[in-house]
Amino acid sequence: METSPDRPPSSAPTGPPPDIPVAARPPIRTPGGNGGRRRPGRRRRDAARHALRTPPVLAAVAGSPEEPARRRTTLVALGVVAAASAAALVAGLLSWAPAPGEPARALTAAEAERLAATRVTNLRDVRAGVRVTIGTGAARTDLVGWIDWARPLAYLDVGGPGAGADRGLVQATPSVVVLRPDPAAVPTPASPPLVPPTDRWRLRDLPAGRPLAGALEVLFGLSADRAEPADPLRHGAGRWVGRETLAGEPVDVLQAPLPRPTAAAGPTARPPAPPAAGDGDPRWWVDGDSRLHRWEGRLPGGQPAAVELERNDRPTIWPVDALGGRPGLPRALTDTEAERLARLPAQLRAQPGAAVSVAVPLGTAANLRGSGWLSWSGGVAYLSVAELDTLGRRTLLRRDRDGFARAEVPVGPGAGATGSANGPPLPPPPGTGWRTGARPLDDLDLLIDAALRADTAPGRPAAAVRLRADRVAGRVVDVFELRVQGLRLRYWLDRTGLPRRLELRTRAGAWAQLDLTPAPVPAGIVPPRPGATAAKAPAARAGTAGRR
């Protein structure tokens, strides 16, 4: 039968023909069986098949005596190529330079408008988180916290290797700075606690060249209630220096001086032309909505500083007591609250007196604490006051119907033993160099005088506002604020109408506190009335005559 070369031959049965008996058939031998031999030619076919699977190059090399030398030569060549490639890569990286950016140029009209509105935008946004870095290396000071431009109030944690005596917590307004020193704090600052501690705060007067003083000046200077004129910025007072991305937000890097308050000029005076912007001026990172994200420049003391604003980190800041205490929601008085405030003078006149304690941030650096007694019926107050950071001396203060009197006395071992632990000596020493005056000398005198005059009409209740509910000495009180004879006062009244605290806004912008606890006044503080003394004399003479 013929087969075509294009078609494979049909398969034919490989076994014996079917007509051969089974017994006569040859046995079937398996490859692993013991009963047969390997067929001749099998070894040759396996060797040929292995030769076909081996690449010709390897077949030529395998078994060659020069194989180890060739391998070494190949490895050395590959190493040389790798070393040359690495050297070329390093040389390319060292010689690479980025493409030059756009050169600095004058501000466009839109950029000048955005930069001019930046400080107003900060005031409109009210608050922001801040992170300030002052100086470098071992002199670096770090500030972390928040600023409220609307109050205005800053609350910061001060750290870094160069913090020095300022390490700890700080709260500040543009005119008052209170510190809570913590020399043992970790060098790296963190966000301050939202509810500030209530103890160890000190009023401080920061020198002008101190880094913390300069940083606070810049932070408060980053807001304004009106936009700066844009024309001077567009005509040389500002310039555009670059474009960056901060926290995923595209910003323009602008350069212009930080506006400073100037004296009011006459209506016809023309403002001086601003100097042209230069490399020494601060840089402002401003987005398309006039929001400031970063500021870099030099503080008034010359230290380099960088301010980063976190626009989404803006909790309500809780001031300490010396700066007004917890913020509230001022509102008009209800009828019940107005009636309670109107009954205050009559209630005070019915009281025998009160034990008082004072905490007065005086001026910009004095921290006064003291205690004593007050009598509305006798019209007299008698206290002992001392400066927290000045040991060994105290001031005796007396206020009566004749005016004010003060005396400086040393603190002896038994001083105040008959009164409170820090109270004035009893009876008042007569010959201690009392200095008298008819008018108050400072905010402490004003606070004592306001407390004694509270038994008169405190003012029109309609002009008062309720700030908030609070607690003092374990009692729930309502805090009312009103103005009396030009003074800004706060009365802390409990639900019975009695005052538990009186606060006075000082001339520096802090708050002085006088706490009251109803109590009898010790004998010898209130002088006898002249009428009572004259009435007792005839009675005594009549009794003597009767005995005769």
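Author: Here is a short tour of some helix, strand and ring details.

Author: This is a predicted model, where local features need pLDDT of at least 70, side-chain atom pairs count only at pLDDT 80 or more, and totals for chains, interfaces and linings use all residues. Residues are numbered from 1 along each chain as its sequence is written, and side-chain values use heavy atoms, with hydrogens and water left out.

Reader: OK, where is T121 placed?

Author: T121 sits in helix α5, residues 118–125. Helices are DSSP runs of H or I, at least four residues, and strands are runs of E, at least two, numbered from the N terminus.

Reader: Is T121 buried or exposed?

Author: T121 counts as buried because its relative accessibility is 5%. Buried means under 20% relative accessible area, exposed over 50%, and partly exposed in between, using a 1.4 Å probe and protein chains only.

Reader: And what is T121 in contact with?

Author: Leaving aside neighbours within four places in sequence, T121 is in contact with D289, S290, R291 and R311. Contact means heavy atoms within 4.5 Å. Also, a polar atom of the T121 side chain lies 2.8 Å from the backbone oxygen of A117.

Reader: Which residues of α5 are buried?

Author: Those are T118, R119, T121, N122 and D125. They are on the same side of α5 because they cover an arc of only 155° around the axis. That arc is taken from the directions from the helix axis to the C-beta atoms.

Reader: What covers the buried residues of α5?

Author: The cover includes α4 (109–116), β2 (127–134) and α6 (211–221), along with β10 (283–286), β11 (292–298) and β12 (304–310). Just after α5, V126 has a positive phi of about 75°.

Reader: Switching topic: how many aromatic pairs are there in the whole structure?

Author: The search finds 1 aromatic pair. W146 and Y155 form that pair, tilted, at 6.1 Å centre to centre with 45° between the planes. Rings of Phe, Tyr and Trp (its six-membered ring) pair if their centres lie within 6.5 Å; planes under 30 degrees apart are stacked, over 60 edge-to-face, and the rest tilted.

Reader: Why does W146 count as buried?

Author: W146 counts as buried because its relative accessibility is 5%. Y155 is buried too, with a relative accessible area of 1%.

Reader: Last one: what does the side chain of T395 make a polar contact with?

Author: The T395 side chain pairs with the side chain of E408, at 2.9 Å. A polar contact is a pair of N or O atoms within 3.5 Å; within protein, one must be able to donate a hydrogen and the other to accept it, and residues adjacent in sequence count only if both atoms are side-chain atoms. T395 is in strand β17, residues 393–400.
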